[in-house]
Amino acid sequence: MARSSTAFVCSDCGGQSAQWLGKCPHCGAWNTLVETRTGGDPRSATLGRAQRAVPAALAPGSSVQDLASVPAAAQQSMPSGIGELDRVLGGGLVAGSVVLLGGDPGIGKSTLLLQVLGQLAAHTQVLYVSGEESAAQVGLRAQRLGLRQAAVRLMAEIQLERIGDALAAERPAVCVIDSIQTVYTEALASAPGSVAQVRECAAQLTRHAKSAGTCMLLVGHVTKEGALAGPRVLEHMVDTVLYFEGDTHSSFRLIRAIKNRFGGVGELGVFAMTERGLKGVANPSAIFLSQHGAPVPGSCVLATLEGSRPLLVEIQALADHAAAPSPRRLSVGLDPARLAMLLAVLHRHAGVSCADQDVFVNAVGGVRVAEPAADLAVLLAIQSSLRNRALPRGLAAFGEVGLAGEIRPAPRGQERLREAAKLGFSRAIIPAANAPRQHVQTIDGMQLHPVQRIDQALDLLRDLPETD
Ligand code: TYD
Ligand code: MG
């Protein structure tokens, strides 16, 4: 493909320009011109020099048919051999699908995918394309992971056309591209990692995955802001987007699905980084509870839900006298905007003011809790810190707090409570609407305290004994 067949296309209005300009000459938008390949049907462009037949279902101009007559072929998914990853994927890897795995540098993307290929190599053809590390470096990692003997095919390459040739020759069932930002195509003049290159390479690899039935695992870099580097469109092109998160200072790593065409999102995979790679964690609740000898002020255990799995997370709060006129509100792992709102509710509906206090809240273990059901635990932790009084031993809580000071129910309350009971919690403050009917006061031996309003919850704290 000659370089002359590219143009700069505005991503807002679609206007074309022969060279790059800061401002689109058609619509006046800034920074929207992206180098794009022009001419020819994009679907006819094949990856690599080797020509490949496109299956009828993907062929251009497939005729109109009745939806009912389309055979609903069940998507066969192949377990990746790593249970926690399969949980996030919704069963396993689907042939012809494209999975994008994003995450901070050093979090373990390459390690995980090499482990996956190491497992799969026992019964299927796999290819690892490394654009960031030399073959020797990958070999060294494989040795560390105890995968020296695994039948993983390896290629240190960044040129898309050559990768395409290798894919055609090797015909792997699963292929890892580490990373998509390092790959470039000769068809475009822009540098590897640029928006145009990432988009074009991902599009061609996706097309290859669909036509050859290869499951493509793409590693994506994450910018400082935490978004996947490169165009947002990358997330639209692929079938599944996974994010690796967690504190690089601790050994725990979480994988979350942001998008999944073959399963649910919101499932969480939990791993520990060990000397010999990533290991699935069977009982993740234990990680997110810090081990205090005695109960400490400012800490409340939240029974949250990650996907289908209940999880106990310790929420910590610290309220301290503010030195500056405008007090600071800071949250780690929780929504900062929600914290300001909760403090307002605490003031208006429970008469507890934090106007002269800096307030910090943190979800222990580097986990991110997005659900509103965390509200009650956050407020209980803040109150505990303000009063400098620890919450009763063995207490867990959950519930959304509304602007009117009401405690709203959270989904799947019983499962949260069972998880807490399993881990030895003896009492729980819960939304009244989540309480089991027929005046049941306990669940699995755990004492329940249903509350309707935030002031009621705080009053309850005062009345509860510090220990059982
Ligand atoms: P890596 O997979 O290279 O991260 P990414 O591809 O996301 O940038 O992970 C590298 C980190 O993991 C590095 O800090 C070393 C650590 N590590 C272990 O602790 N144990 C291991 O067995 C391996 C292979 C890596
Ligand atoms: Mg890497």
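Me: Which strands do the buried residues of H9 pack against?
Reply: They pack against S15 (299–306), S16 (309–321), S19 (395–397), S22 (427–431), S23 (442–443) and S24. A contact here means heavy atoms within 4.5 Å. Helices (H or I, at least four residues) and strands (E, at least two) are DSSP runs, numbered from the N terminus.

Me: And which residues of H9 are buried?
Reply: In H9 (residues 413–422) they are Gly413, Arg416, Leu417, Glu419, Ala420 and Ala421. Buried means under 20% relative accessible area, exposed over 50%, and partly exposed in between, with a 1.4 Å probe and protein chains only.

Me: What follows H9?
Reply: Gly424 does, with a positive phi near 90°.

Me: Before I go on, what are the ground rules for these values?
Reply: This is a predicted model, where local features need pLDDT of at least 70 and side-chain atom pairs count only at pLDDT 80 or more, while totals for chains, interfaces and linings use all residues. Residues are numbered from 1 along each chain as its sequence is written, chains are lettered from A and ligands numbered from 1 in the order in which they are written, and side-chain values use heavy atoms, with hydrogens and water left out.

Me: OK. S24 was in that list, so what about Pro450?
Reply: Pro450 is in S24 (residues 446–451). Its relative accessibility is 36%, so Pro450 counts as partly exposed.

Me: What does Pro450 touch?
Reply: Leaving out residues up to four places away in sequence, Pro450 touches Ile430, Ala432, Ala435 and Gln456. Ile430 is 20 residues from Pro450 along the chain, and their C-alpha atoms are separated by 4.8 Å.

Me: Switching to Ser385: buried or exposed?
Reply: Ser385 is buried, with a relative accessible area of 12%. It sits in H8 (residues 375–387). With residues up to four places away in sequence not counted, Ser385 touches Gly298, Ala317, Leu318 and Ala319.

Me: Now the ligand. How many residues surround ligand 1?
Reply: There are 16, and the closest are Gly106, Ser110, Thr111, Thr274 and Gly277. A residue is near a molecule if one of its heavy atoms lies within 4 Å of it.

Me: Which N or O atoms of the protein approach it, and at what distances?
Reply: A side-chain N or O atom of Ser110 is 2.6 Å from an oxygen atom of ligand 1. A polar backbone atom of Thr274 is 2.7 Å from a nitrogen atom of the ligand. At Gly277, a backbone N or O atom lies 2.7 Å from a ligand oxygen atom.

Me: How much of the accessible area of ligand 1 does the protein cover?
Reply: The protein covers 77% of the 560 Å² that ligand 1 has on its own. Accessible areas come from the Shrake-Rupley method with a 1.4 Å probe, and for residues only the protein chains shown count as cover.

Me: What gives the most to that shell?
Reply: H2 does, with three residues. H2 (109–120), H3 (135–144) and S13 each supply at least two.

Me: Give me the ones with Asp239.
Reply: One is with Lys210, at 2.7 Å from N to O. That pair is 29 residues apart, with Asp239 in the loop between H6 (233–237) and S11 (240–245) and Lys210 in H5 (residues 195–212). Another is with Arg261, also 2.7 Å from N to O. Arg261 lies in the loop between S12 (252–260) and S13 (268–274), so this pair ties together parts 22 residues apart in sequence.

Me: One last thing: the overall numbers.
Reply: The protein has ten helices and 24 strands. Of its 468 residues, 50% count as buried.

Key
Salt bridge = Lys/Arg side-chain N within 4 Å of Asp/Glu carboxyl O. Polar contact = N/O pair within 3.5 Å; in protein donor to acceptor, adjacent residues only side chain to side chain.
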